[in-house]
Amino acid sequence: MVKRTSFVFALLFLIGAIGPLSAQTLSYAEAIDQLAAACRTDLQKYCRGVELGGGHLKACLDGHQNVVSAQCQQTRAAVYASIARRIAAQRDIGDICSADIARLCGTSHADAHLVECLVGIAPVAISPQCNQVFTDTGWRTERAQQ
């Protein structure tokens with residue numbers, strides 16, 4: 001019975017960890033919030049006084065990755081992966097969405113009006129690949145919050 005209960009909890013943890021990865025990426029503020037919550041003790045111990053911006057916090061955590069708590073290591077890995085996905089999506093959206101951009105926005109490239117155009121279109125009208133990369137850029141969420 002204990003093995004079954006442990007398996008169920010492990011499975012629920014994995015499902016919970018996988019779900020957010022396909023939804024959207026973290027904003028930089030959300031990333032800092034998650035790191036601060038999961039790594040509070042480690043940050044106080046190893047990174048006290050380190051500036052948050054300019055990659056200083058990342059460098060500190062990277063430099064102490066072998067001694068920070070397991071919770072901090074897991075959160076750090078998830079946060080870094082999400083931010084990397086966001087950066088890649090913002091870099092690659094023009095290539096991945098070129099057909100959608102031409103069809104739906106009337107232009108052949110990712111110009112200054114791309115975000116406004118794609119935000120105004122129902123997600124079901126956009127190809128699945130373009131829709132996912134647009135979600136991963138974080139621009140859809142940022143516009144909705146404005």
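Visitor: What are we looking at, in terms of helices and strands?
Guide: A predicted model. The protein has 8 helices and 0 strands. Along the sequence the pattern reads α-α-α-α-α-α-α-α.

Visitor: How much of the protein is buried?
Guide: Buried residues account for 29% of the 146 residues.

Visitor: What share of contacts joins residues at least 24 apart?
Guide: Take the contacts between residues at least 6 apart in sequence. Of those, 58% join residues at least 24 apart.

Visitor: Let's get to packing. How do α2 and α3 cross?
Guide: Helix α2 covers residues 28–46, and helix α3 covers residues 56–63. Their axes come within 11 Å and cross at roughly 60°. The crossing is left-handed.

Visitor: Which residues meet there?
Guide: From α2, Ile-32, Leu-35, Leu-43 and Tyr-46. From α3, Leu-57, Cys-60 and Leu-61. By class, this contact has 7 nonpolar residues, no polar and no charged ones.

Visitor: How far is Cys-39 from Arg-76?
Guide: Their C-alpha atoms are separated by 8.4 Å. Along the chain, the two are 37 residues apart.

Visitor: Next pair. What about α3 and α4?
Guide: Helix α4 runs over residues 70–96. α3 and α4 pack at an angle of about 135°, with their axes 12 Å apart. Roughly antiparallel needs an angle over 145, so α3 and α4 count as oblique to each other. α3 passes α4 in a left-handed crossing.

Visitor: Which residues make that contact?
Guide: Lys-58, Leu-61 and Asp-62 of α3, with Cys-72, Arg-76 and Tyr-80 of α4. These divide into 3 nonpolar, no polar and 3 charged. Leu-61 also belongs to the contact between α2 and α3.

Visitor: Now α4 against α7. What are the angle and the axis distance?
Guide: The angle is about 140°, and the axes are 8 Å apart. That makes α4 oblique to α7. The crossing is left-handed here too.

Visitor: Which residues are involved?
Guide: On the α4 side, Arg-85, Arg-86, Ala-89, Gln-90, Ile-93 and Ile-96. On the α7 side, Gln-129, Cys-130, Val-133, Phe-134, Asp-136 and Thr-137. The classes are 6 nonpolar, 3 polar and 3 charged.

Visitor: How many residues of α7 are buried?
Guide: 7 of its 10 residues, which leaves α7 mostly covered. The buried ones are Cys-130, Asn-131, Val-133, Phe-134, Thr-135, Asp-136 and Thr-137.

Visitor: Pick out Thr-137. Why does it count as buried?
Guide: Thr-137 lies in helix α7, residues 128–137. Its relative accessibility is 0%. Buried means under 20%, so Thr-137 qualifies.

Visitor: What is Thr-137 in contact with, leaving aside neighbours within four places?
Guide: Thr-25, Arg-86, Ala-89, Gln-90 and Ile-93. Just after α7, Gly-138 takes a positive phi of about 85°.

Visitor: Back to Thr-25. How far is Ala-84 from Thr-25?
Guide: They are 8.9 Å apart, C-alpha to C-alpha. In sequence they are 59 residues apart. Ala-84 itself is in helix α4. At 44% relative accessibility, Ala-84 counts as partly exposed.

Visitor: Last one. Where is Ser-98?
Guide: In helix α5, residues 98–105. Ser-98 is partly exposed, with a relative accessible area of 33%.

Visitor: And how far is Ser-98 from Cys-130?
Guide: Their C-alpha atoms are separated by 8.6 Å. The two residues are 32 apart along the chain. Cys-130 is one of the buried residues of α7, and Cys-130 is also among the residues in the α4 contact.

Methods
Residues numbered from 1 in each chain as written. Predicted model: local features only at pLDDT ≥ 70, side-chain atom pairs only at ≥ 80, totals over all residues. Heavy atoms only, no water. Axes fitted to C-alpha atoms, helices over the stretch in contact; angles between N-to-C directions. Helix = DSSP H or I, 4+ residues; strand = E, 2+ residues; numbered from the N terminus. Left-handed = near helix turned anticlockwise from the far one by under 90°. Contact = heavy atoms within 4.5 Å. Nonpolar A, V, L, I, M, F, W, Y, C, P; charged D, E, K, R; others polar. Buried < 20%, exposed > 50% of the residue type's maximum accessible area, 1.4 Å probe, protein only. Parallel < 35°, antiparallel > 145°, perpendicular 65-115°, else oblique.
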